[in-house]
Amino acid sequence: KSWSELLKAEIAIGRDDIAKARALTDNARQGAEQLDKESLAYVGLKRGLDQMTAALDLEGGDSASARALYVKAIADMRAVLGPDAWIQALYGLERIAQMARRAGDWELAKTATENMMDHDPAYGGSHYAAALLAAHHGDHAAERTSLEKARALWQKADPNLPELKDINRRLAEIS
């Protein structure tokens with residue numbers, strides 16, 4: 001039940017329903033209290049709760065608290081071994097970068113993007129995130145290079161992929 005509450009909280013954040021996300025996170029936290037603190041179930045749920053708390057802090061404007069929680073979450077994600085954990089870490093890093101950009105926390109966006117590039121430089125999303133970071137800083141040369149690399153890496157992607165459409169739009173604008 002606690003995991004489903006966390007998933008619902010993430011959906012609520014995506015819909016900008018922060019009050020509902022907080023209530024769902026509180027429900028998940030109460031459920032976690034019922035678990036053995038030494039169990040793997042608790043450890044995993046605690047990580048999820050910490051990330052949701054960071055997301056809520058970020059949405060609430062407490063970037064310093066969110067950043068501290070996310071930096072720990074990034075280290076935790078990248079420390080887990082195995083192919084499933086590796087891809088989950090990559091997409092978790094991407095989610096953090098997206099949330100940071102959305103909240104205007106470009107320091108956190110930079111941290112997440114750098115970790116994405118280190119984790120998987122062959123992923124188009126890593127270069128897309130780098131392009132968005134470069135664009136924010138007004139570095140059009142780096143933006144173009146990253147956009148071109150992302151487009152090349154996603155050359156076989158669905159042409160309706162929103163990121164790919166944005167890449168093509170951005171490249172047309174900076175030409």
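**A friendly note on this predicted model**

1. Let us start with the largest pocket. Its lining is made up of 22 residues, and those nearest the pocket centre are Trp-3, Arg-47, Gly-48, Gln-51 and Met-77. Please keep in mind throughout that this is a predicted model. The space in this largest pocket comes to about 630 Å³. Which helices each supply at least two residues of the lining? They are H1, helix H3 (40-59), helix H4 (63-79) and H5.

2. Leaving out residues up to four places away in sequence, Ala-100 touches Leu-58, Asp-105, Leu-108 and Ala-109.

3. Which residue does Arg-102 form a salt bridge with? The partner is Asp-16, and the closest N and O atoms of the pair are 2.3 Å apart. As for accessibility, Arg-102 is partly exposed at 42%, whereas Asp-16 is exposed, with a relative accessible area of 55%.

4. The structure holds 18 salt bridges, and a few others deserve a look. The side chains of Lys-37 and Glu-33 meet in one of them, at 3.6 Å from N to O. Lys-37 is partly exposed, with 35% relative accessibility, and Glu-33 is partly exposed as well, with a relative accessible area of 47%.

5. In helix H8 (residues 140-153) you will find Arg-144 and Glu-148, which are 4 residues apart and therefore separated by about one helical turn. Their side chains meet in a salt bridge, 3.8 Å from N to O. Arg-144 is partly exposed, with a relative accessible area of 27%; Glu-148 is also partly exposed, at 37%.

6. Some salt bridges join up into a network. Which residues are linked in this way? The members are Glu-143, Asp-166, Arg-169, Arg-170 and Glu-173.

7. Now for the aromatic rings, where the structure holds 3 aromatic pairs. One of these joins Tyr-91 and Tyr-123 in an edge-to-face arrangement, with 6.0 Å from centre to centre and 75° between the planes. Tyr-91 is in helix H5 and Tyr-123 in the loop between helix H6 (106-119) and H7, so the pair ties together parts 32 residues apart in sequence. Are these two tyrosines buried or exposed, or in between? Tyr-91 is partly exposed at 44% relative accessibility, while Tyr-123 is buried, with a relative accessible area of 15%.

8. Another aromatic pair is formed by Tyr-128 and Trp-154; this one is tilted, with 6.3 Å from centre to centre and 50° between the planes. Tyr-128 lies in helix H7 and Trp-154 in the loop between H8 and helix H9 (162-174), so distant parts of the chain, 26 residues apart, are linked by the pair. Tyr-128 and Trp-154 are both buried. If you show all four side chains together, you can follow how ring pairs link Tyr-91, Tyr-123, Tyr-128 and Trp-154 into a cluster.

9. Ser-126 is placed in helix H7 (residues 124-136), and it counts as buried because its relative accessibility is 0%. With neighbours within four places in sequence left aside, Ser-126 is in contact with Leu-90, Thr-113, Met-116, Met-117 and Asp-120.

Technical notes. Residues numbered from 1 in each chain as written. Predicted model: local features only at pLDDT ≥ 70, side-chain atom pairs only at ≥ 80, totals over all residues. Heavy atoms only, no water. Buried < 20%, exposed > 50% of the residue type's maximum accessible area, 1.4 Å probe, protein only. Contact = heavy atoms within 4.5 Å. Salt bridge = Lys/Arg side-chain N within 4 Å of Asp/Glu carboxyl O. Phe/Tyr/Trp six-rings, centres within 6.5 Å; stacked < 30°, edge-to-face > 60°. 1 Å grid on protein atoms, 1.4 Å probe; cavity = no way out; pocket = protein on both sides within 12 Å on 5 of 7 lines; lining within 4 Å. Points joined across faces, edges and corners; volume = space filled by probe spheres on them.
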